[in-house]
Amino acid sequence: MLEVVGASNIVLEGFMGSGKSTVSELLSEELMLELIDTDEVIEDTEGRTINEIFETDGETSFREMETDLLKAIDSDHWREFVISLGGGIPVKEENRELLRKIGKVVYLRAKPETIFERVKDDDKRPLLKTEDPLAKIEELLEMRASLYEDVADMIIDTDGKTPMEITREIIDKL
Ligand code: S3P
């Protein structure tokens with residue numbers, strides 16, 4: 001299936017809980033491409049969880065780690081991977097420029113209510129540790145939606161679809 005993507009990566013962006021991890025795993029299996037999950041790479045490199053990095057070093061340091069990883073992917077010419085991005089990566093303009101160079105960007109779009117249902121029992125996301133996570137999701141999504149759209153080569157509406165349906169839709173549109 002390598003001919004489908006050519007010498008490029010398939011990069012999945014979207015809000016926390018939009019299904020990037022599950023869909024990227026399915027995509028990597030279907031297309032027989034290796035998978036890079038930026039959160040996992042950062043956790044492995046640091047030997048700490050995202051929560052611990054946020055608590056000890058703060059969000060700004062975490063954002064620098066994300067940018068450094070994108071720069072490494074670009075300069076070391078990592079190509080023909082499926083890359084699942086942490087949900088905040090496209091917020092920085094520098095990152096959006098790097099994403100455009102790195103690969104085909106697929107935005108997994110989801111409504112706040114869908115996202116809330118997917119993340120409400122999960123304590124792995126420091127930004128959603130608030131009294132009213134749904135309000136926080138709405139606030140962040142309002143700020144981020146146009147940025148996700150700005151960098152996207154393809155937008156997939158995911159509400160009400162299974163991960164396999166989403167995966168097939170992406171492959172059909174590649
Ligand atoms: C974040 C999303 C998370 C993780 C961190 C910050 C964000 O990744 O990078 O908690 O700012 O949206 P997922 O989108 O994989 O949950």
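This is a predicted model: local features need pLDDT of at least 70, side-chain atom pairs count only at pLDDT 80 or more; totals for chains, interfaces and linings use all residues.

Trainee: At what angle do helix H5 and helix H6 pack, and are they roughly parallel or oblique to each other?

Mentor: Helix H5 covers residues 59–75 and helix H6 covers residues 93–102, with their axes 10 Å apart. The angle between them is about 25°. Angles under 35 degrees count as roughly parallel. H5 and H6 are therefore roughly parallel to each other.

Trainee: How many residues of the contact of H5 with H6 are charged?

Mentor: From H5, Glu 66, Thr 67, Leu 70, Lys 71, Ile 73 and Asp 74 take part, meeting Glu 94, Asn 95, Leu 98, Lys 101 and Ile 102 of H6. Four of these residues are nonpolar and two are polar, while the charged ones number five.

Trainee: Is the crossing of H7 and H8 left-handed or right-handed?

Mentor: The axes of helix H7 (residues 112–119) and helix H8 (residues 133–151) come within 9 Å and cross at roughly 130°. H7 and H8 are therefore oblique to each other. The crossing in which H7 passes H8 is right-handed.

Trainee: Which residues of H8 does H7 meet?

Mentor: H7 contributes Pro 112, Ile 115 and Phe 116 to the contact. The contact of H7 with H8 divides into seven nonpolar, no polar and one charged residue. On the H8 side the residues are Pro 133, Leu 134, Ile 137, Glu 138 and Leu 141.

Trainee: How many residues in the shell around the ligand are charged?

Mentor: The residues surrounding the ligand include Met 16, Lys 20, Asp 39, Gly 86, Gly 87, Gly 88 and Arg 125. By class, four residues of the shell are nonpolar and three are polar, and the number of charged ones is three.

Key. Residues are numbered from 1 along each chain as its sequence is written. Axes are lines fitted to C-alpha atoms, for helices over the stretch in contact, and angles run from 0 to 180 degrees between N-to-C directions. Helices (H or I, at least four residues) and strands (E, at least two) are DSSP runs, numbered from the N terminus. Angles under 35 degrees count as roughly parallel, over 145 as roughly antiparallel, 65 to 115 as roughly perpendicular and the rest as oblique. Two residues are in contact if their C-beta atoms, placed from the backbone, lie within 7 Å. Ala, Val, Leu, Ile, Met, Phe, Trp, Tyr, Cys and Pro count as nonpolar, Asp, Glu, Lys and Arg as charged, and the others, Gly among them, as polar. A residue is near a molecule or strand if its C-beta atom, placed from the backbone, lies within 6 Å of it. A crossing is left-handed if the near helix is turned anticlockwise from the far one by less than a right angle, and right-handed if clockwise.
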